[in-house]
Amino acid sequence: LRGTYAKKVYLYIYKRERHTKLEMQSLFAQQISASNAAACARRSSRDKNLTSKLNGRIGISNPMQSSASSALKSSVKGRRRKQMRRKISIAHHGADYVATFEPENAAAGGVILAAAVLGRYLSTGEAIGCSHLVSPFSFSGVSKDAWETKLPLFLGIVATPLVLPYLGLAHLLPTGGYEVIEGTSRLVLAMILVGFGSKLGGGCTSGHGLSGIGRLSVRSVANVCTFMVFGALAATMFNTNALLHVVTTTGKGKAATAVNAIANTVAATQADKALYGKILASAFAGYATIGYLAKNNILIKPGSKSAQIIKSAVHGATGVLFGVGLVVSQMVNPAKVSTFLQFTQSTWDPSLGVVMGAALAAIIPGILIIKNQLNTSTFGDAFKLPDPITADIDAKLIVGGAIFGTGWGLAGMCPGPLFVNVGAALTNQSLSATGGCGLALLSFWVGQTLARITRDVLEGSA
């Protein structure tokens, strides 16, 4: 009886509080409506007063007054249109982004990226470079290497959004992908520069930044330093943060305070940490299984068709793993990249530096161990070595890095994260060639095509 009485009392209090809440909401809505109506009335009265001051209280007496009255009415309408345009320009289609420093997620993402780079290098002897995955088709057709290696890796990265729900990571990637910069002309220009520069310089953040430096390539170090400098300059000079809706202050008036990304440090949850560990363990088990099968000639015999099929599957799975690393580290978010490049602002977020540091801390010793302990890869291919120490740092490498960095700074997007966002747009059926990720991918391909034509012309003239 006591429990029943307590339940009745609780239900009575709950219904009373809910009724009071609904009444307050209704009253608040009425007050807002009345306020809007009063504001409209004041604007209408003000416009009438402006018109009456010119026309006079006794009416219009001559044509000159009539023309002046029309001019005043036109100016009033023009002022209203300007106000509406200003409101429209302030409004945007994406949500505001508050910069936060996530060192644990960034480090975990970097280690997952390292696992993908090392796993592909160990299995096939090849590094990961996303800028070469959608290289323009040659006039002689698509090469066998492109069908068997580049295409599976590209499709794996694009398919990452399909895998995220099964991994419990769907919350890390919004439906349809992250927002790209507003302004079609700037998006097109930025991605053409990214495509042109990555093709001319021979790589991007993955090809030079991870695989190149991971193999101790001096040319990659020079390229990375170049595009980092030009990326920071472009993002700062043209304020990419503003176009990606990065919030710089909170509060209003005297209470306004600058957003500090480092002060807004966010730790990874225990569930996410456990999940990252499972992903790494699964990747290790997968590559180890492939190595065991190859060593014992089970399904994987050199030159056999089954070996080639399994090799293509490894490329695809590596693409998915690499895409997961990009999502976990949040490098798929252009705003995250932009807040790193604009290091002079309080919103500076060093997460990208943590990603690069954690990835290279695993890749450099990993590749050295692989090369010192093994003669060939799992599938019998030779390991691709970086450029020798004495390799020339030529003008194409530096100019390509500068052009790529400029486009990267203008949009906060590079090839790998672009492919993941294209996959998200495909799953959401929002991919379009006239805007967003679809237009960015098309512009990137155009940039690479222009770079290839330019290179052929320069080599032909030489």
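The buried residues of helix α5 pack against α4 (144–158), α11 (305–328) and α15 (415–427), where contact means heavy atoms within 4.5 Å. Helices here are DSSP runs of H or I with at least four residues, numbered from the N terminus. Please keep in mind that this is a predicted model, in which local features need pLDDT of at least 70 and side-chain atom pairs count only at pLDDT 80 or more, while totals for chains, interfaces and linings use all residues. Residues are numbered from 1 along each chain as its sequence is written, and side-chain values use heavy atoms, leaving out hydrogens and water.

Let's look at α5 itself, which spans residues 160–167. Its buried residues (under 20% relative accessible area with a 1.4 Å probe, protein chains only) are T160, P161 and L164. They sit on the same side of α5 because they cover an arc of only 90° around the axis, taken from the directions from the helix axis to the C-beta atoms. On the face turned away from that buried side you will find L162 and Y166, which are exposed, meaning over 50%. After α5 comes G168, with a positive phi near 80°.

Now for the space inside. There is 1 cavity of 30 Å³ or more, a cavity being a set of points on a 1 Å grid over the protein atoms alone where a 1.4 Å probe fits but cannot get out. The largest cavity holds about 170 Å³, the volume being the space filled by probe spheres set on the points. It is lined by 17 residues, and T205, L326, M331, L352 and C414 are the closest to its centre; lining residues have an atom within 4 Å of a point. Helices α11, α13 (351–373) and α15 each give two or more residues to this lining, and α13 gives the most, with 3.

How values were computed: On a 1 Å grid over the protein atoms alone, a cavity is a set of points where a 1.4 Å probe fits but cannot get out, and a pocket is an open set with protein on both sides within 12 Å along at least five of seven lines; lining residues have an atom within 4 Å of a point.
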